[in-house]
Amino acid sequence: MVSDVQPPSQDRVRGASLGLPAEGPGSLAPFGTRVGAFCVDAFGSALVAGLFTAPDLPGNWALVAFAAVTVVTLVVSGQTPGMRLLGLRLAHPRPGQRLAPWRAVVRTALLCLLVPALVVDADGRGLHDRLTDTAVVKD
């Protein structure tokens, strides 16, 4: 038995099955960077909701603000404010076109549940991205 031969699954390049490059712009974004963008968006949404609910805490209104900002910015520009800040964008089946509103709504609804974002495939895409045929990539 040869010990220095790796199983085929170890040679797999992330994003290759999606036609994405292994490194650089257009490659799949690392998990930590995606989490950072999510945290920026969540914090920003809590601040926006807090403007309307002050002096009380925003509570679930922050989730409503998060969903609204996420859907609108994904459809209009293909990236949320957190994604823009951290140099990410959303890739979808038709490059050069805007994301279909239904994809943004479904993706955001699943992201609000948080668990689908933590269930990832071999490429590191969350369930919300697999169901909407999207991927978060480096810009």
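**Burial, pairs and packing in a predicted model**

Colleague: Why is D129 called buried?
Modeller: D129 has a relative accessible area of 2%, and buried means under 20%, exposed over 50% and partly exposed in between (1.4 Å probe, protein chains only). D129 therefore counts as buried. This is a predicted model, in which local features need pLDDT of at least 70 and side-chain atom pairs count only at pLDDT 80 or more, while totals for chains, interfaces and linings use all residues. Residues are numbered from 1 along each chain as its sequence is written, and side-chain values use heavy atoms, with hydrogens and water left out.

Colleague: What makes R107 and D129 a salt bridge?
Modeller: The term asks for a side-chain nitrogen of Lys or Arg within 4 Å of a carboxyl oxygen of Asp or Glu. The closest N and O atoms of R107 and D129 are 2.7 Å apart, so the pair qualifies. R107 lies in helix α4 and D129 in helix α6 (residues 127–132), so the pair ties together parts that are 22 residues apart in sequence. Helices here are DSSP runs of H or I with at least four residues, strands are runs of E with at least two, and both are numbered from the N terminus. R107 is buried too, at 4% relative accessible area.

Colleague: How many salt bridges does a search of the whole structure find?
Modeller: The search finds three. One of them joins D139 to R89, with N and O atoms 3.3 Å apart. D139 sits in the segment after β2 (135–138) and R89 in strand β1, so parts 50 residues apart in sequence are tied together. D139 is exposed at 53%, whereas R89 is partly exposed at 30%. R125 and D121 also meet in a salt bridge, at 3.7 Å from N to O, and R125 is buried at 11%.

Colleague: Why is the pair of F38 and F66 called edge-to-face?
Modeller: Rings of Phe, Tyr and Trp (its six-membered ring) pair if their centres lie within 6.5 Å; planes under 30 degrees apart count as stacked, over 60 as edge-to-face and the rest as tilted. The centres of F38 and F66 are 5.5 Å apart and their planes stand at 70°, so the pair is edge-to-face. F38 belongs to helix α1 (residues 31–53) and F66 to helix α2, 28 residues apart. F66 is buried at 5%, while F38 is partly exposed at 27%.

Colleague: How do you know that the length of α2 agrees with its number of residues?
Modeller: The expected span of a helix is 1.5 Å times one less than its number of residues. The 17 residues of α2 should therefore span 24 Å, and its end C-alpha atoms are 24 Å apart, which agrees. After α2 comes G78, with a positive phi near 80°.

Colleague: What makes up the largest nonpolar core?
Modeller: It has 10 residues in all, among them L74, V75, M83, L88 and L90. Such a core is a set of buried Ala, Val, Leu, Ile, Met, Phe, Trp, Tyr and Cys residues joined through side-chain atoms within 4.5 Å. α2 (61–77) and β1 (88–91) each supply at least two residues of this core.

Colleague: How many disulfides does the structure hold?
Modeller: It holds zero. A disulfide is a pair of cysteine sulfur atoms within 2.5 Å, and the nearest cysteine sulfur to that of C39 belongs to C112, 14 Å away. C39 is partly exposed at 44%, and C112 is partly exposed at 25%.
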